[in-house]
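Welcome! Try each task yourself before you read its solution.

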Amino acid sequence: MGRRGTYLRRLAAVLTVAAALATGGCMKYGPIPQETFDYPLGDNPEGVFILCEGNFMYGNATMSFYLPSTGELQNEVFARANGMKLGDVAQSMTLHDGVGYVVVNNSGIIFGIDPETFLVRKVIRGIGSPRYMLFAADKAYVTSLYEPRIAVLDPATTQPVGAIDTGDHTSTEQMVVVGNRLFVTCWSYDDTVLVIDTATDTIEAEIEVRPQPRQMALDAHGKLWVLTDGGAEGQTRQAPALYRIDPATLAVEREFVFRIGDSPKGLCVGVDGETVYFLNEDVWRMAADAEELPAQPYIRAHETIYYALGVDPHSGDLYLGDAIDYQQQGVVYRFSAEGVPLDTLRVGITPTAFCFR
């Protein structure tokens, strides 16, 4: 096709990038006007923060806030309240002592916000690719995607007071505390759950599982559930698995193996602690004392592939994030614990996490 063919290919590439940028919403320049929000806990206690991770390297992560009691939805509340964008890849959020800690992974920052006004009250920097934050034993722990250590902070000042060396485990992810033990999944290109003594902040044991353990949850019987994804692209894939572990003895009580090619994620436990939920295209649920994986999905995805799952600890409602094409605004579907559709919310790009106040 010669020069004309080269020109057409370049033109197509430019138009593709332009369309992605326009759809992704990252071409908004200029100052962001600040607005005043006030959602007092006394009047509307059961609000839901919806983190939308955005696109990697685009800096278009957002936060939405939803009131299930009224159906009111406010999008981009962080930017509108603070006059600045949230950053690049919103990862997780946790509430502690009247502050909502929002972990923004690729920006390497954690914002502590007022959960009623969404205004920034604290800023934590210096942790490479932070993933999750957990408060336990009068400390705050922060995991990292690329650093062989878990940061230890003073929860009052959010200043670093130490670190837990994880050695060859260079990617730490979700955390669960049981008594004086901190359980940590080692996700990227790893196959280990670390067991850390919170009194000494040292690793006391390691539990080997199938490749890439990521998400964990505790059931009503104090059992630890761990979900693996089977490995990353470029690795020799294995079948993913769901584990039930006794956190006292560290024994694996059950290993539920999926099919190779399955992509389970979104592990959650129901409000009563007796039901385990996860995503595998559809929504699945099983009893905490089940002996095998469920045969039929609980909520079918139809033309949707669910990306994120959250369970409201107050009502038991399910929140399902749909990333659609990862370019346009995503959708969150709210279902009752009985699987009845309740609401549909148009939020930001790639809804990835829910935090319930």
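Helices (H or I, at least four residues) and strands (E, at least two) are DSSP runs, numbered from the N terminus. This is a predicted model, in which local features need pLDDT of at least 70 and side-chain atom pairs count only at pLDDT 80 or more, while totals for chains, interfaces and linings use all residues. Residues are numbered from 1 along each chain as its sequence is written, and side-chain values use heavy atoms, with hydrogens and water left out.

**Exercise 1. Find where Asp-201 and Thr-198 sit, and decide whether each is buried or exposed.**

Step 1: Asp-201 belongs to the loop between β14 and β15. Thr-198 lies in the loop between β14 (192–197) and β15 (202–208).

Step 2: Apply the accessibility scale: buried means under 20% relative accessible area, exposed over 50%, and partly exposed in between (1.4 Å probe, protein chains only). Asp-201 has a relative accessible area of 16%, so Asp-201 is buried. Thr-198 has 6% relative accessibility, so Thr-198 is buried.

Step 3: Look at the backbone. Asp-201 has a positive phi of about 55° although it is not a glycine.

Step 4: List the contacts, where contact means heavy atoms within 4.5 Å. Not counting residues up to four places away in sequence, Thr-198 touches Ala-137, Lys-139, Tyr-141, Asn-180, Arg-181 and Leu-182.

**Exercise 2. Describe the place, accessibility and phi of Tyr-189.**

Step 1: Tyr-189 is in the loop between β13 (181–186) and β14.

Step 2: Tyr-189 has 54% relative accessibility, so this residue counts as exposed.

Step 3: The phi of Tyr-189 is near 55°, a positive value in a residue other than glycine.

**Exercise 3. Classify the ring pair of Tyr-277 and Tyr-298.**

Step 1: Recall the rule. Rings of Phe, Tyr and Trp (its six-membered ring) pair if their centres lie within 6.5 Å; planes under 30 degrees apart count as stacked, over 60 as edge-to-face and the rest as tilted. A search of the whole structure finds 16 aromatic pairs.

Step 2: The ring centres of Tyr-277 and Tyr-298 are 6.4 Å apart and the planes are at 55°, so the pair is tilted.

Step 3: Tyr-277 is in strand β21 (residues 275–280) and Tyr-298 is in the loop between β22 (282–287) and β23 (308–311), so this pair ties together parts that are 21 residues apart in sequence.

Step 4: Tyr-277 is buried, with a relative accessible area of 4%, whereas Tyr-298 is partly exposed at 22%.

Step 5: Now take Tyr-307 and Tyr-326, whose rings are 5.7 Å apart centre to centre with 80° between the planes, an edge-to-face pair. Tyr-307, in the loop between β22 and β23, and Tyr-326, in the loop between β24 (318–322) and β25 (331–335), are 19 residues apart, and the pair links distant parts of the chain. Tyr-307 is partly exposed at 23%, and Tyr-326 is partly exposed at 40%.

**Exercise 4. How many disulfides does the structure hold?**

Step 1: A disulfide is a pair of cysteine sulfur atoms within 2.5 Å. The structure holds zero of them.

Step 2: Check Cys-52. Its sulfur is 14 Å from the closest cysteine sulfur, in Cys-355, which is too far for a bond. Cys-52 is buried, at 0% relative accessibility.

**Exercise 5. Which residues of the largest nonpolar core touch the most other members?**

Step 1: A nonpolar core is a set of buried Ala, Val, Leu, Ile, Met, Phe, Trp, Tyr and Cys residues joined through side-chain atoms within 4.5 Å. In soluble globular proteins, nonpolar side chains tend to be buried together.

Step 2: The largest core has 22 residues, and Phe-49, Met-63, Leu-86, Met-93, Val-102, Ile-113 and Phe-118 touch the most other members.

Step 3: Elements that each supply at least two residues of this core include β1 (48–52), β2 (62–67) and α2 (77–82).

Step 4: Follow Phe-118. Its contacts, not counting residues up to four places away in sequence, include Phe-37, Tyr-39, Phe-49 and Phe-65. Phe-37, Tyr-39, Phe-49, Phe-65 and Phe-118 form one aromatic cluster.
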